2 protein chains.
Amino acid sequence: MKIIDGGVTAAQGFQAAGVYAGIKKKRKDMALVYSVIPAKGAGTFTTNVVKAAPVKWDMKVTKDSAYVQAVVLNSGVANACTGAEGDLNNELMAKAVADSMSIPAAAVYTASTGVIGKQLPIDVIQEGVKLLAAELQEGIEAGAKAAQAIMTTDTYPKECAVSFMVDGKEVKLGGMAKGSGMIHPNMATMLGVVTTDLNISKELLQEALSADVKVSFNMISVDRDTSTNDSLLLLANGYAGNKEITEKNEDYDNFCKALNYVTTELAKKMAADGEGATKLFEVQVVGAGTQEEATIISKSIITSNLVKTAVFGNDANWGRILCAMGYSGVDFDPEQVDLFIESVDGTLKLVENGMATDYSEEFATKILSGKVVKAIADLKLGSATATAWGCDFSYDYVKINADYRS
Amino acid sequence: MKIIDGGVTAAQGFQAAGVYAGIKKKRKDMALVYSVIPAKGAGTFTTNVVKAAPVKWDMKVTKDSAYVQAVVLNSGVANACTGAEGDLNNELMAKAVADSMSIPAAAVYTASTGVIGKQLPIDVIQEGVKLLAAELQEGIEAGAKAAQAIMTTDTYPKECAVSFMVDGKEVKLGGMAKGSGMIHPNMATMLGVVTTDLNISKELLQEALSADVKVSFNMISVDRDTSTNDSLLLLANGYAGNKEITEKNEDYDNFCKALNYVTTELAKKMAADGEGATKLFEVQVVGAGTQEEATIISKSIITSNLVKTAVFGNDANWGRILCAMGYSGVDFDPEQVDLFIESVDGTLKLVENGMATDYSEEFATKILSGKVVKAIADLKLGSATATAWGCDFSYDYVKINADYRS
């Protein structure tokens, strides 16, 4: 596997565009990803009972359509809690793409992000689709424009791509995502699109994606709020020319590794760019009895407001980490836990067998001042591990969210 | 039932003291509550796997001791994650009280609050107990001093008391509590002491307390962090002279009502004085299928960072409330939900059948600007209801917690 430049247009046969349609003030607000040949589609979606119109649409497309060919996305308005009018507007958005590209509406995925409860400005959207169709291009720059157009409170676009070999053919896989707030994915995340020119069966494509999100997007959290719009879409158009993957062989494993690299990188970028974040906070739980328990504990730490504010303050207040482990619901022996913090400046053991070591507060503060800070908790119960990603909690999170709509 | 002045010394036969011992800088840091005759004790404690030394001690006292007579509390150091040395220090604290008051150590409840992972300064504590014993007094002022001494980041002491009639006798019941941060009680809360001169069996005392916390202290949240030290202690010394309550009769019901009034008031004061809070935020879920579902949904709303920041910003961003309801884990029909906000300025319906009404943003902002703001969600599924209390989320929460230890 090789890391390459680009995002959703890295794989062969994928084009993209990002334009300013007029939903938001002055910033790009619509994106289109298009495969020049029909592609197999897979998706994972929010588990929130309140599902946005595009989520309901995409779940049906994933289930019923043998092929998909386009993903249209808008930022500014989430099209959630918008009733029958919202469903109709979403369908009109898909139809506008279908008309422009001469494909069936059932081959169009839709995705929206922004304020909940507002109707899509459908006239603006329909005009936007025409602009997108005209701008559609291959190449890295086109993908970058699409990644910009789906940002809300994100401070930078999120892209990643790799290449790998299957059946003697070079396969590419790349994606884009947006995050920032209302980020606590559960089965998917707030708008991610991954494309690949791999030839693979639809069943295995979905299986790979569903397995992957459990250790990538589902392991990040910015604010513990699972969005109404979370959608991760994966398109595979077979352009690479490999023999179709129809069983879980070595090629499938290579694909899964490539997919996981891209989704994990996108997920980490999302965590690092969480609303108000000043650093990426990674939590690794090792020595757990089961992976499920390691997962639960790592997510409990990563989502604790008290841990996150301490990380923001560069304060080695490790008691809050043990506290968050303790209320996670997992049974373990606190008096057996070791705890470390780590950054480019080094590694420091803060806790041994549940009690403070004689560590240097000065060195702890130096480690915590890094742009990427890691905490490692060893339960000494077994060999299961899990890693979760989040961010610190700063004044700016409050600022951004106290007046997001205004 | 009559609301009366005072707190832990409102009931007959209870004395209290609050002193500066030297654990914290310049602020009162130790309290003692004492019953002049043996009292029955009941307690509910944190469900956190990481339990502080005093929690482990009190659980044993509650289980094994037929009578208790004193509660000693300190602020500044939590005595959690302190290993065998912490357990020994806690026992020495209890023994110091036992020696001073000539009672068995097994009749002494202990409680600590403050930084996790530090050892108690046991010399300071032992001297503090002597000061407390010398200061012990009846009356409202003594209770107020004790309430002050258990504060950490609280901005005001929390007390409440009532009187009610049982068997022709006037019974009094009052309590104190402290909260502020790491507040998401699960079976109890971060240090609450309630005293009554009621005569009641130990079994019924515990049963009443365990039932009560489910709808009082367990329904509040400041930051979703369940502390390692949560303890709610209830002492009943029988001084009122009523015939012992040994069955669930009308007298028991009256006691439960009085208990619930005091615990709910203390819980609401704790929520309103959450770290950085500018207002009390109350969430009522009505029309739910079961009380458990109503409880889960109300707590999901009250703990959402996005809802809390919107309430801080006086922003009627109701989509975040529906979103938090949707990821609570409870199944309901979003397109049937009505949502109201309420304060002294009036009531406003924001959402009808899952969609925005044509409400006035100006009036919504006025309502949300109140010191006590209520949201009411009607699921229209059944007749079950639940109420939860929390607070808004301000810059000051981050400020307080980014440098709490320094």
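**A sheet and its surroundings**

Tutor: In chain A, strand β10 (residues 280–288) and strand β14 (residues 372–378) are paired in the parallel sense over seven bridges; strands pair when DSSP finds at least two bridges between them. Within β14(A), A377(A) is the bridge partner of V285(A). The model is predicted: local features need pLDDT of at least 70, side-chain atom pairs count only at pLDDT 80 or more, and totals for chains, interfaces and linings use all residues. Residues are numbered from 1 along each chain as its sequence is written, while chains are lettered from A and ligands numbered from 1 in the order in which they are written. Helices (H or I, at least four residues) and strands (E, at least two) are DSSP runs, numbered from the N terminus.

The pair belongs to an open sheet of six strands in chain A, ordered β13-β12-β11-β14-β10-β15, with mixed pairing. At its edges stand β13 (355–356) and β15 (384–391) of chain A; each has a single partner strand, so one side of each lacks a neighbour in the sheet. Strands of a sheet pair through backbone hydrogen bonds, either parallel or antiparallel.

Two helices lie across these strands. Helix α7 (residues 291–302) of chain A lies across β10, β14 and β15 of chain A, at about 20 degrees to β15(A). Such angles run from 0 to 180 degrees between N-to-C directions, with axes fitted as lines to C-alpha atoms, for helices over the stretch in contact. Contact between two residues requires C-beta atoms, placed from the backbone, within 7 Å.

Chain B also has an open sheet of six strands with mixed pairing, in the order β13-β12-β11-β14-β10-β15. Its edge strands, β13 and β15 (384–391) of chain B, each pair on one side only. Strand β10 (residues 280–288) of chain B pairs with β15(B) in the antiparallel sense over seven bridges, and in β15(B) the bridge partner of V283(B) is A388(B). Helix α9(B) packs on this sheet, touching β11 (338–343), β12 (346–352) and β14 (372–378) of chain B, and its direction makes about 55 degrees with that of β14(B).

Between the chains, 51 residues of chain B are in contact with 51 residues of chain A. On the chain B side, α8 (305–312), α9 (318–326), β13 (355–356) and α11 (395–402) each supply at least two residues. The largest share, seven residues, comes from α9(B). The touching residues of chain B comprise 25 nonpolar, 18 polar and eight charged; here Ala, Val, Leu, Ile, Met, Phe, Trp, Tyr, Cys and Pro count as nonpolar, Asp, Glu, Lys and Arg as charged, and the others, Gly among them, as polar.

Elsewhere in chain B, strand β8 (residues 192–196) is mostly covered, with five of its five residues buried. A residue is buried if 20 or more other C-beta atoms lie within 10 Å of its own, exposed if 12 or fewer, and partly exposed in between, with C-beta atoms placed from the backbone. G192(B), V194(B) and T196(B) point one way from β8(B), V193(B) and T195(B) the other way. Strand β7 (residues 169–177) of chain B is joined to β8(B) by five antiparallel bridges, with L173(B) opposite T196(B). Strand β9 (residues 231–236) of chain B is joined to β8(B) by five parallel bridges, with T195(B) opposite L235(B).

Returning to chain A, its helix α3 (residues 122–135) buries I125(A), G128(A), V129(A) and L132(A). These buried residues fall within an arc of 110 degrees seen down the axis of α3(A), so they line one face of the helix; the arc is that of the directions from the helix axis to the C-beta atoms. Their cover includes β2 (14–19), β3 (30–45), β4 (68–77) and α2 (83–101) of chain A. The face turned away from the buried side of α3(A) carries the exposed residues D123(A) and A134(A).

Finally, A146(A) has its place in helix α4 (residues 140–149) of chain A. A146(A) is buried, with 32 other C-beta atoms within 10 Å. Not counting residues up to four places away in sequence, its contacts include V8(A), A31(A), L32(A) and M176(A).
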